[in-house]
Amino acid sequence: MEGGKEDPAVFTSASLPSDPRLLATITNAYLGTRVYRDVLHVNGVYNGAVGDTHRADVPSPINVRMMVPGADSPSETFTLNTRTGTFSHELRSTDYMATQHIYAHHSLVHLMAFSITIRRSAPTTQPISVQLQTPFVPKSQDLDLKQGPDFQGAHYVYGQTLVPEVEGGPRPTIHMLWTPVPRAVTLGREEWEQSWEFLTAVAESEEEAKRSYSHGLALVATGSLLPSHTCAWATLRQGCSMDLDGPLPLQQALHGCLYYLLSAIPPRGSPGFLFHGISPGGLSNGTQGEDYWGHVFWDQDTWMFPNILLFCPEAARAILEYRIRRLEGALRNAQEQGYKGAKFPWESAATGREVCPEEIYGAQEIHVTGDVLMAFEQYYCTTQDQKLFREDGGWELVDAVARYWCSRMVWSKEEQCYHIRGVMPPDEHHCWVDNSVYTNAVAQRSLNFAADIARDFSIPVPEEWVDCAKKIKVPFDAEKQYHPEYDGYSPGEPVKQADVILLGFPLMHPMSPEVRRNDLEMYEPATELDGPAMTWSMFAVGWLELKEVQRAQSQLNKCFSNITEPFKIWVENSDGSGAVNFLTGMGGFLQAVLFGYTGFRITKTSLRFDPAFPEDIDRMKVTGVSYLGSKLKFTITKKEMRIKVTESPWDPAGSPLEAVLEASGQRFPLHGGQSVSFPTAAGWIQRASTEML
């Protein structure tokens, strides 16, 4: 970078990590792998029955590494460039440089590719050969692969998964074409530079696999395959970014988190495939016994989704559509447990049925159903996309979740309120507890949202929804002025991870600043230091709410022990155990910055802001915030805040936005292409009132 400064978005190392789990991941919304791994995974393609279902391992033709054996081996570097969405391996000697670029194409999601370029750096005339080492064998433990005829120079295999998730369930067929990889590539005596391109196309139909491979070849012929990927990736990153004038490790962490999370989402426009959600370790992981086997948890809806929503509402909608398509499975889950409505599984894969290998989590960690609906609520408030609910199945899901919560409650004559009994809260150290405060609060929020959206659509609101929401017990200790985690919780009892503090954010459960502080102070020392990575982000958000910025930063700094070198891969637990490429922790970290430093809060009628950030951060710029069809750019210092509308809805009848300052009530119209600025203070963005028009 200019001035010799290290680029915080580029991670370079002279060696690879000794633990292969910590290698950089190369993914798009449909295909994913780790570099130099012998398998790749396909979005939504699982093998194995309930209790054993996992991402199907597909042999990876892009697991190829350059080598030049001999006493005078060249120096080498490995680079993950989060600005271009590529991983590079470079061999450099006095006579030449060989570079390999590996990537999963962001917009052409059925394609993965790598290129090899050899370029002379001295006027020699000797041939230069680079060996290409690959363990690739077209066999899989999860697929019945058969060889088909070559196509346009590519080899071709296809086959079905072996075991469906449930009897009669889907057994998808995978079709894969790939460019054969020679043992070596050679730059001829008279050549100064030469490149070789190797494609892999994967799809669930032969037609799509061949179409994608042909498209890739056509782009190779014009030298535009890699440029078309880097252009698509750059467009995405330019439209959703967080830039800080602050410590390099914090900047690097943000770039890394955004790279890994945004790699997992569908590209803008029609992706041509059904999206199957995001697992804690993403598509690069999830083989049998690894990273929760590629299942989808609340991690997607609570920890990753809010960031995706504010930057990429189309991708957020695709996540919700995944849940809608799994509604039938959720209805079956509730029915099998003796309840009405829809109970979303703790672990979801191909069908929406519960696939958690351990029964207790699926039976008791029911807060996931409320977490799913909270994502729908955040989406509705941010986009006002009524079509999703009126026409595309959203209302049926909302209604089914509300009915589930009502059927899950029992009336306590003694306390004159509704209880939810026998659950496991987010703190998984405890089970069979009654009235988990988080579970009950998220159930209450589900019912309130269901009633609100019914009123918006002029649908009669069942009395039961209103009654249950009003009378559900949300445990509170009036004497100590804090929220016990559940009935019978003893202060100081160890807690695995963020639980009660989630009431403040993201639930925004009504409470005074005093109670918010008491919850934070009660649970901070009780929470295990080496627990899941997302925990401390939520403590940071809480302290930022209370303007305790240095205390917030001390909590956020705990996250850095979960970030590994050199490619900023997160591990679930600071001791290295648990899931890797832990997108859940990354999502929490991003929320601590995107919602913590800015004070962003999604409400029914506005996007609130109330900035607070530490002394070592001078300026923050957030580009591409989506609200009610507009794209906004926020530039915030400790003294001044500037908001610019970079995109406006095409609908000329749509109401423009305005910024309102909380203390003074002063209003600033927000028009396309224009900026407004004011002293940094709390306020909100809303539709412009009629007197402003």
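**Note on helix packing, strand pairing and aromatic pairs**

1. The axes of helix H11 (residues 437-456) and helix H12 (residues 463-471) come within 9 Å and cross at roughly 145°; axes are lines fitted to C-alpha atoms over the stretch in contact, with angles from 0 to 180 degrees between N-to-C directions. Helices are DSSP runs of at least four residues (H or I) and strands of at least two (E), numbered from the N terminus.

2. This is a predicted model, in which local features need pLDDT of at least 70, side-chain atom pairs count only at pLDDT 80 or more, and totals for chains, interfaces and linings use all residues. Residues are numbered from 1 along each chain as its sequence is written, and side-chain values use heavy atoms, with hydrogens and water left out.

3. Buried means under 20% relative accessible area (1.4 Å probe, protein chains only).

4. E13 runs antiparallel to strand E8 (residues 65-67), with 3 bridges, and antiparallel to strand E17 (residues 184-187), with 4 bridges; pairing requires at least two DSSP bridges. Gln-131 is the bridge partner of Met-67 and has Ala-184 as its partner in E17.

5. Aromatic pairs (Phe, Tyr and Trp rings, the six-membered ring for Trp, with centres within 6.5 Å; planes under 30 degrees apart stacked, over 60 edge-to-face, the rest tilted) number 34. The rings of Phe-136 and Trp-178 are edge-to-face, because their centres lie 5.1 Å apart with planes at 70°. Trp-178 is buried at 6% relative accessibility.

Notes
Buried means under 20% relative accessible area, exposed over 50%, partly exposed in between (1.4 Å probe, protein chains only).
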